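Thanks for coming. I will go through one structure today, starting with the sheet and ending with the backbone. Please have the sequence and the model open.

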Amino acid sequence: MKFNLKNTINLYLTCVCLLLLSSCKDNKKEQLAANETTNQKPNVVLIMVDDVGYGDIAAHGNEWIKTPNIDKLYNESTRLTDYHVSPTCAPTRAAFMTGHHNYRTGVFFTIKGRSLILEKEKTMAQIFKENGYNTAMFGKWHLGDNYPFRPQDKGFDEVLMNNGGGIGQTMDYWNNDYFDDTYMHNGKLEKFEGYCTDVWFEEAKQYIGKQKDKPFFCYLSTNAAHSPYWVDDKYSDPYKDNENIPNAAFYGMIANIDENLGKLVDYLKAIDLMDNTILIFTVDNGSAAGNKMGEGQDRLDGFIAKGNNAGMRGVKASMYEGGHRVPFYIHWKNGGINVGRDINALTAHYDILPTLVDLCELEIKEDLKFDGSSLVPLMAGDDSKFEDRIVYVNTQFSTDPVPWKRTALMHKNWRLVEGTELYNLDTDPEQRTNIADQYPEKVETYKAAYDKWWAEISPTFVEKPYFIVGNEAENPTTLFCHDWHSETFTPWKQDHIRQGQVNNGFWRVKVEEPGTYTLKLRRWPVETHLALGAKAPVRPALEGTSVTPSKKSKALAIKNSRIEIQNIKMSKAVNLEAEYVEYTVELEKGETHFKTWFTLEDGVEIGAYYATIEKI
């Protein structure tokens, strides 16, 4: 059933006005009238910040941090107080973008080839674009940096992004440090001046300023406050030497986000776009550095001893509440969504796309089904569809899903964790006491619900994301060890490469066109121009910031190399003075695994951290 926007907003306004002072009623009528006299669809600015937990915002009771602009938006928005995402970055972004549970999208984790969104998945950018919107994204994508996973492959007209999941990861431009960095701009590397968060917001404002005559969807997704915790001292200094704050630089990164949010709102007002813009502020997972565990506590799932976690157990990547309950605010003046109001129903990341479809009255194809539900009825006071819903979130830390692994089943105020631990948040919000043995029937009911859900969704796991090579959209294709399919350690940071971490894995590759291909195996990324046997220079510290020198680099005595792809197995001796080892092969059309080896002088084998496939 599709809800009519004007009817639902009218109902919502009626409910709100009955509760507000009579002086507010005339103001609400004016807002509704303004909305009805324009045919312009609302613009959408969707801000998703990284790793900022529910307790890392002043409006949520944190007495140490200063977030005046976030607080102001909080006071003028509808807030979801029981809103849940996946406990880690990429799965949340996949669910958010598609309206599907992340399992259905092929995204189970942040590395190991499992942050790649399936080619078949349609994103909100594609839906907005099909409905006449201009689309743009700025910042962190983390759903694949190669064709067919890139933002420009998934509906975005304008793209400015850092590769990978954060600064300093293996696919990020070498030695980026948040300041004056090199990013991917519409598929090409380009250097920008300024701090990364400032760049994302400034470029977003320039884009928005050109869109007055046509509705736009702008996805502003900061990589802050993800590690490494580097920021100008002027933002972190106010939080130093406070024994209650575990990480001053983390708070400083949030302060910088807050400052940029304020500038963006001021700009939208200045160009007369604020009133008809749906502005969303949210987060991808629980706090990464705003808290410190008590002595002897698990680093992810323990109880908080320092910081503010809004009374919740666990942090980013945890299966407990602190890992996945996060802020969500939505503001739209012309739609009457501009008064501080809480919605306490259980909601999730895959509800947001169907909500925007309703609010913006977007047309979608009949065969597109969402796992989530529109929140517009909740905004109008109707919670009937949400009274008995169950939400499942998890992070797998593996390449293929395992039933119940690090999973939380949520129903009203009940939480069943990994199928064995039961908590009632009404009486135990910190999830300290497992009461599964007191409610065996409830546990069995929830497990039966999970089994039914698993039986429905698990057949979708057979579909795998593949890097497509030999396509003119991207030729050559550079593959990164970040995306190795491996059940053991995956070197996902540039410092892992510097240190010569030992491991290997394979890439899933689909050859689109048969023909002759060159395969180049590298230890260092191409922009370094470093030889296979070289050590990388140490990245220096930056004065006036929290940026620290990189770890020391290790030279590797690589003697031999080999490859395996389709039915081809080849080996070559290594010239340590060369930047790469090159193979020429004839590949057939189809899906395959691609694996590489470097054999060291002592016989130890590792994979090539970087590999390039080019059709010639």
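How many bridges join strand S2 to S12? There are 6 of them, and the two strands, S2 being residues 78-84, run parallel. One of the residues involved is histidine 84, whose bridge partner in S12 is alanine 348. Before I go on, keep in mind that this is a predicted model.

Now the sheet as a whole. S2 and S12 belong to an open sheet of 10 strands, and the pairing in that sheet is mixed. The order across the sheet is S6-S5-S4-S3-S7-S1-S8-S11-S2-S12. Which strands stand at the edges? They are S6, residues 188-191, and S12, residues 341-348. Each has a single partner strand, so one side of each is left without a neighbour in the sheet. On average, neighbouring strands are turned by 20 degrees against each other, ignoring direction.

Next, the helices on the sheet. Helix H7, residues 196-209, lies across S1, S3, S4, S5 and S7. Its direction is at about 175 degrees to that of S7, the strand at 216-221. H9 also packs on the sheet, where it touches S1, S7 and S8. The direction of H9 makes about 175 degrees with that of S1.

These two helices also pack on each other. The angle between H7 and H9 is about 10 degrees, and their axes are 10 Å apart. That angle makes H7 roughly parallel to H9. On the H7 side the contact includes Phe201 and Ile208, and on the H9 side it includes Leu261, Leu264 and Leu268. By class, this contact has 7 nonpolar, 4 polar and 3 charged residues.

H9, which spans residues 248-270, has another helix against it: H3, residues 68-75. Here the axes are 7 Å apart and the angle is about 55 degrees. That makes H3 oblique to H9. From H3, the residues in contact are Pro68, Asn69, Ile70, Lys72 and Leu73. They meet Asp258, Glu259, Leu261, Gly262 and Lys269 in H9. The residues of this contact divide into 4 nonpolar, 2 polar and 4 charged. Leu261 of H9 was on the list for H7, and here Leu261 meets H3.

How many cavities of 30 Å³ or more does a search of the whole structure find? It finds 1. The largest cavity holds about 40 Å³ of space. Its lining includes Ser115 and Leu116, the run His142, Leu143, Gly144 and Asp145, and also His482 and Asp483. By class, the lining has 3 nonpolar, 5 polar and 2 charged residues.

Last, the backbone. Most peptide bonds are trans, and most residues other than glycine have a negative phi. There are some exceptions to point out. The bond from tyrosine 147 to proline 148 is cis, with omega near 10 degrees, and proline 148 sits in the loop between S3 and S4. Another cis bond joins serine 227 and proline 228, with omega about 0 degrees. Proline 228 is in the loop between S7 and helix H8.

Where is alanine 317? It lies in the loop between strand S10, residues 304-307, and helix H10, residues 321-324. The phi of alanine 317 is positive, near 80 degrees, and the residue is not a glycine.

That is the end of my part.

How values were computed. Residues numbered from 1 in each chain as written. Predicted model: local features only at pLDDT ≥ 70, side-chain atom pairs only at ≥ 80, totals over all residues. Heavy atoms only, no water. Axes fitted to C-alpha atoms, helices over the stretch in contact; angles between N-to-C directions. Helix = DSSP H or I, 4+ residues; strand = E, 2+ residues; numbered from the N terminus. Parallel < 35°, antiparallel > 145°, perpendicular 65-115°, else oblique. Contact = heavy atoms within 4.5 Å. Nonpolar A, V, L, I, M, F, W, Y, C, P; charged D, E, K, R; others polar. Pairing = 2+ DSSP bridges. 1 Å grid on protein atoms, 1.4 Å probe; cavity = no way out; pocket = protein on both sides within 12 Å on 5 of 7 lines; lining within 4 Å. Points joined across faces, edges and corners; volume = space filled by probe spheres on them.
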